[in-house]
Amino acid sequence: MSQNQNILKEVKPKLLALVDELVARGAERSAVIYMIEQESAQLRDGLDNRSDHQVEEPSNDWPAAGRSQ
C-alpha cells in the first residue's frame with residue numbers, strides 16, 4: 001500500500017473524532033456533519049477553480065533584488 005493511501009486512511013477517524021469533540025461541546029451531530037459537508041464542498045470548489053493547483057512562488061521584487069554585487 002502506498003504512503004498516500006496510508007495517510008488517507010487517517011481522514012475518517014479524524015473526522016469522527018472532530019464530530020465527537022464538537023458534539024461533546026454541545027453541537028448537534030447533524031449540524032456538525034452538515035458543516036463538514038459544506039466546508040468540504042467549498043474547499044473542493046476553491047481548489048478546482050485554481051488554474052494551476054500550485055502554490056504561487058513569492059515575487060522577487062524586494063529592493064535589493066535588481067542590484068548586482
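What percentage of the 69 residues in the protein chain is buried? Buried residues make up 3%, where buried means under 20% relative accessible area, exposed over 50% and partly exposed in between (1.4 Å probe, protein chains only).

This is a predicted model, in which local features need pLDDT of at least 70 and side-chain atom pairs count only at pLDDT 80 or more, while totals for chains, interfaces and linings use all residues. Residues are numbered from 1 along each chain as its sequence is written, and side-chain values use heavy atoms, with hydrogens and water left out.

The chain has 3 helices and 0 strands, in the order α-α-α. Helices (H or I, at least four residues) and strands (E, at least two) are DSSP runs, numbered from the N terminus.

The accessible surface is about 6,500 Å², and carbon and sulfur atoms account for 53% of that area; areas come from the Shrake-Rupley method with a 1.4 Å probe, and for residues only the protein chains shown count as cover.

L8, V11, L15 and L18 make a nonpolar surface patch of about 310 Å². Such a patch joins nonpolar side chains (Val, Leu, Ile, Met, Phe, Trp, Tyr) within 5 Å, from residues with over 30% relative accessible area and no salt bridge. Helix α2 (residues 11–24) contributes the most, with 3 residues, whereas L8 belongs to helix α1 (residues 3–8).

The structure has 3 salt bridges, each a side-chain nitrogen of Lys or Arg within 4 Å of a carboxyl oxygen of Asp or Glu.

| Salt bridge | N to O distance |
|---|---|
| E10 and K14 | 3.4 Å |
| D20 and R29 | 3.5 Å |
| E21 and R25 | 3.4 Å |

D20 is partly exposed at 44%, as is R29 at 42%. E21 is partly exposed at 42%, while R25 is exposed at 64%.

Note on methods
Patches are made of residues with over 30% relative accessible area and no salt bridge: like charges are joined within 9 Å, nonpolar side chains (Val, Leu, Ile, Met, Phe, Trp, Tyr) within 5 Å.
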